[in-house]
Amino acid sequence: MDEKKKRMFRPLEASEIDVRVAQISEKGCQLLLYKNARCDMDILDETVGSFNWSRRHDRDNANCIVSIFDADKKTWIEKEDTGTESNTEAAKGLASDSFKRACVNWGIGRELYTAPFIWIPAEKVEIKPNKNGKAMTYDKFEVQKIAYDDEQRNIVGLAIRNSKNKKLVFLWQKENPNGNSAGKDR
């Protein structure tokens, strides 16, 4: 791959990826992988330096513009995206979401879009009915290990464990046409 075509930002490490329950029923739950805004700030600082990037919000925090200074061109390059309010703190959630999305435009965490469908069966998660009779869980989950392919940075291996009991609840490896496992662990 041509050096100039390589991505500026490294793929996320397992410890930088958060996991949340997306859907739940009495049969199990679906999990989603995501990153938080602090992760984006750390990776920007690590890669371009804390004085070589900036962020600003427009339209009442709905849009975030992340700018990175290009020393070769001696100019700021901007990428922008919009976000949605969170259920807990609407304004803060909106600002954080738009920032995280703008960082994805720069390539930070874009590999999370290649995650497999993550289903945890009921025997691996404690599911109880809430006061309205709907299925719920207090279990939390974490990425124990993640592997990417070398070229596209697609996820090719993933291990998730239940943070409460430390048991492995999801193990997945993409089939390689050559018959061997591929990818770099993070």
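**Strand pairing and cysteines in a predicted model**

Modeller: In this predicted model, strands E1 and E2 form a hairpin, with two residues between them.

Biologist: What makes E1 and E2 a pair of strands?

Modeller: Pairing requires at least two bridges. Seven bridges join E1 (residues 18-25) to E2, and the two strands run antiparallel, so by that cut-off they pair. Within this pairing, Ile24 stands opposite Cys29 in E2.

Biologist: How do you know that E2 and E6 pair?

Modeller: E2 and strand E6 (residues 118-121) are linked over four bridges in the antiparallel sense. The cut-off is at least two, therefore E2 and E6 count as paired. Here Gly28 stands opposite Pro121 in E6.

Biologist: Why is E2 called largely enclosed?

Modeller: Because five of the seven residues of E2 (residues 28-34) are buried, the strand is largely enclosed by the rest of the structure.

Biologist: How many disulfides does a search of the whole structure find?

Modeller: The search finds zero. Cys64 is in no disulfide, and the nearest cysteine sulfur, that of Cys103, is 6.8 Å away.

Biologist: What makes Cys64 buried rather than exposed?

Modeller: Buried means under 20% relative accessible area. Cys64 has 0%, so it is buried.

Biologist: And how do you know whether Cys103 is buried or exposed?

Modeller: The relative accessible area of Cys103 is 0%. That value is under 20%, therefore Cys103 is called buried.

How values were computed:
Residues numbered from 1 in each chain as written. Predicted model: local features only at pLDDT ≥ 70, side-chain atom pairs only at ≥ 80, totals over all residues. Heavy atoms only, no water. Disulfide = S-S within 2.5 Å. Buried < 20%, exposed > 50% of the residue type's maximum accessible area, 1.4 Å probe, protein only.
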